Amino acid sequence: FTVSHVVSVEAGLDLLETARAEGRVPGYDLVLTDVSLKGDLSGGDLLDRVRNHFGYAKGELPVLIMTGDDNPANQSALLRAGANDLVHKPIEERLLITKLQFQLRVAQRSRASA
């Protein structure tokens with residue numbers, strides 16, 4: 001994997017805006033975010049911006065969210081808001097890689113059929 005790492009939602013949104021301005025839509029193959037990040041916005045806010053501001057569908061730009069929250073209502077809310085999947089903390093590396101690869105394959109097929 002090639003990774004572009006940022007520590008805040010604002011920085012992540014800047015990357016997506018730059019990609020769009022350069023005509024690279026969506027510009028990235030996948031977003032992996034934690035729910036809790038530095039800055040004023042959360043991973044849920046990032047998800048909202050990806051789906052609603054940028055308008056990227058699940059097959060166009062998958063979003064995986066890492067969370068330590070065991071509350072099923074909160075998990076369901078993230079999935080209803082457009083998360084492709086959740087990765088529970090503590091992170092099991094093999095499971096994370098498997099979920100990343102799966103979402104990348106699904107998105108690649110979705111883009112190829114569009």
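Pro26 sits in the loop between H1 and S1, helices (H or I, at least four residues) and strands (E, at least two) being DSSP runs numbered from the N terminus. Another cis bond links Lys89 to Pro90, with omega about 0°, and Pro90 belongs to the loop between S3 and H4.

A word on the ground rules: this is a predicted model, where local features need pLDDT of at least 70 and side-chain atom pairs count only at pLDDT 80 or more, while totals for chains, interfaces and linings use all residues. Residues are numbered from 1 along each chain as its sequence is written, and side-chain values use heavy atoms, with hydrogens and water left out.

Now the sheet. Three strands form an open sheet in the order S1-S2-S3, with parallel pairing; two strands pair if DSSP finds at least two bridges between them. S1 (31-34) and S3 (85-88) are the edge strands with a single partner each, so one side of each has no neighbour in the sheet. From one strand to the next, the twist averages 25° (axes are lines fitted to C-alpha atoms, for helices over the stretch in contact, and angles run from 0 to 180 degrees between N-to-C directions). S2 (residues 63-67) pairs with S3 over four bridges, in the parallel sense. Ile65 has Leu86 in S3 as its bridge partner.

| Helix | Strands | Angle |
|---|---|---|
| H2 (residues 43-53) | touches S1 and S2 | about 170° with S2 |
| H4 (residues 93-113) | lies across S1, S2 and S3 | about 165° to S3 |

There's also a right-handed β-α-β unit, made by S2, H3 (residues 72-80) and S3. Right-handed here means that, with the strands pointing away from the viewer, the path from the first strand over the helix to the second runs clockwise.

Which elements each supply at least two residues of the lining of the largest pocket? They are H1 (9-21), S1 and H4. A pocket is an open set of points on a 1 Å grid over the protein atoms alone, where a 1.4 Å probe fits, with protein on both sides within 12 Å along at least five of seven lines; lining residues have an atom within 4 Å of a point. The largest pocket's volume is about 830 Å³, counted as the space filled by probe spheres set on the points. Its lining residues split into 16 nonpolar, six polar and three charged.

Key: Contact means heavy atoms within 4.5 Å. Ala, Val, Leu, Ile, Met, Phe, Trp, Tyr, Cys and Pro count as nonpolar, Asp, Glu, Lys and Arg as charged, and the others, Gly among them, as polar.
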